[in-house]
Amino acid sequence: LFRSLPFLQHDVHRQLLNKLKVVGMNAVFGLRIQVTVGESLLVAVASGTAVYLGALPRPSPLLVGKKDLQEHLSELTERNRTRYNVVVDGNLSCSDS
């Protein structure tokens, strides 16, 4: 169990950063990580409030190997920035809803 925890932490951190990139945010507040230990399984659930802070660097785009998937992720990220009214480079994206 103790040998697996550092790998679990690393994987949760990696997945959290990837999720932030997809939604166009660059910070998380109130992060809670719940770890459940089974006989042959470790499960971690992370929850928090994602925000875009203008004082922090803009999140880098999530890069994948397939071109069509990369285009879809780029479009999804841009839609999320518009949806959440994220200010990028001094421009405010506005959503219709």
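**Start at the end of a helix**

Select G24: this residue, just after α1, takes a positive phi of about 75°. The model is predicted, so local features need pLDDT of at least 70 and side-chain atom pairs count only at pLDDT 80 or more, while totals for chains, interfaces and linings use all residues. Residues are numbered from 1 along each chain as its sequence is written, and side-chain values use heavy atoms, without hydrogens and water.

**Helix α1**

Next, select residues 5-23, which form helix α1. Helices (H or I, at least four residues) and strands (E, at least two) are DSSP runs, numbered from the N terminus. Within α1, colour L8, V12, L20, V22 and V23, which are buried (under 20% relative accessible area, with exposed meaning over 50% and partly exposed in between; 1.4 Å probe, protein chains only). The buried residues of α1 pack against β1, β2 (42-51) and α2 (67-83). Now turn to F7 and H10: these exposed residues lie on the face of α1 turned away from its buried side.

**Strand β1**

Move to residues 27-37, strand β1, and pick L31 there.

**The whole chain**

From the N terminus on, the order of elements is α-β-β-α-β-β. Of the 97 residues in the protein chain, 21% are buried.

Terms used
The expected span of a helix is 1.5 Å times one less than its number of residues. Contact means heavy atoms within 4.5 Å.
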